[in-house]
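Subject: Structure handover

Hi,

Here is the structure I promised you. Please open it beside this email and follow along.

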Amino acid sequence: MKAGARGKKVRQLQARLNELSFGPLEVDGVFGPATASSVRLFQKASRLEVDGIAGPRTMEALETRPTGTSSQEPAILQVLRQKGYEVFTGGDINTIGVRSVPGVPNRFDDKMHFVWWCRNHWEHKVVACTTDPGTYWIDNPMNVDGAATLEPGQYVRAYKFDKHRGKYMALCQRGAEVKFRRTETPNELEEDWIGANIHHAGENFSEYVNRWSACCQVIQKIEDWDMAMGIWMASQQKWFTYTLLLSTDL
């Protein structure tokens, strides 16, 4: 199976990838960019040819791979190492966004990974998010140069707990500047304090990004947000590092 495939077998593939923590994927039976990205990540973790195609060897590995936690370092951390980024192997949380390429405008089609070492094994959780601004702020920018989009990279100890827009505790940009591009000047890479926080969308399920992100990284579901906050708070960290990758990096 590969991009463009549809049907029951694709749904089974998506469900199995979710079970093994290579999602989250919508189990809709459509082999799209998100499914291909998850297949590539699984192939990398299983030391298979990374082509995004669920062929015989990949399907056999999916069937035999045990569920649950593992002492083997997750593949996404290997990607960080290859890029020369910092990887936390103690109690600190590796918080990693993965922007879908190509993405679907105004949809929560990206992923946020939480990876940490706990009691002789790796814990790895993945939730749906957006790493791009919603169409509302693209059409109605707060800056004359357009809406800001966070540039892929690693922002070391740039975040700490604070109130997002004075409303609720989130991870807010407090420790360092971030790099970004604006819609009207996409060829200019800027670096500044722009309040590129990590927060959640609405209390109820939000299908579209709309106003939820002007430049922030936004988790779609409130139950996923509660899980993320629990993970961050349990680490007892004061400062947090956020790394943004592209799905093509995987």
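Which residues lie nearest the centre of the second largest pocket? They are His-164, Arg-165, His-199, Arg-211 and Trp-212. In total, 18 residues line this pocket.

Before going on, some ground rules. This is a predicted model, where local features need pLDDT of at least 70 and side-chain atom pairs count only at pLDDT 80 or more, while totals for chains, interfaces and linings use all residues. Residues are numbered from 1 along each chain as its sequence is written, and side-chain values use heavy atoms, with hydrogens and water left out.

**The pocket**

A pocket is found on a 1 Å grid over the protein atoms alone: it is an open set of points where a 1.4 Å probe fits, with protein on both sides within 12 Å along at least five of seven lines. Lining residues have an atom within 4 Å of a point. The second largest pocket holds about 350 Å³ of space. That volume is the space filled by probe spheres set on the points, with grid points joined across faces, edges and corners. Its lining has nine nonpolar, six polar and three charged residues. Here Ala, Val, Leu, Ile, Met, Phe, Trp, Tyr, Cys and Pro count as nonpolar, Asp, Glu, Lys and Arg as charged, and the others, Gly among them, as polar.

**The sheet**

Strands are DSSP runs of E, at least two residues, numbered from the N terminus. Two strands pair if DSSP finds at least two bridges between them. Three strands form an open sheet in the order S4-S7-S8, with antiparallel pairing. S4 (148-150) and S8 (185-192) are the edge strands, and each pairs on one side only. S4 and S7 (residues 178-182) are joined over three bridges. Look at Thr-149: its bridge partner in S7 is Arg-181.

Now go to the loop between S1 (94-99) and S2 (110-118), where Pro-102 lies. The peptide bond from Val-101 to Pro-102 is cis, with omega near -5°. Asn-106 is in the loop between S1 and S2 too. Asn-106 is not a glycine, yet its phi is positive, about 70°.

Asn-210 also has a positive phi, near 45°. Asn-210 sits in the loop between S9 (198-200) and S10 (217-219).

Is each Asn buried or exposed? Buried means under 20% relative accessible area, exposed over 50%, and partly exposed in between (1.4 Å probe, protein chains only). Asn-106 has 12%, so it is buried. Asn-210 has 36%, so it is partly exposed.

Best wishes

Definitions and conventions: Helices (H or I, at least four residues) and strands (E, at least two) are DSSP runs, numbered from the N terminus.
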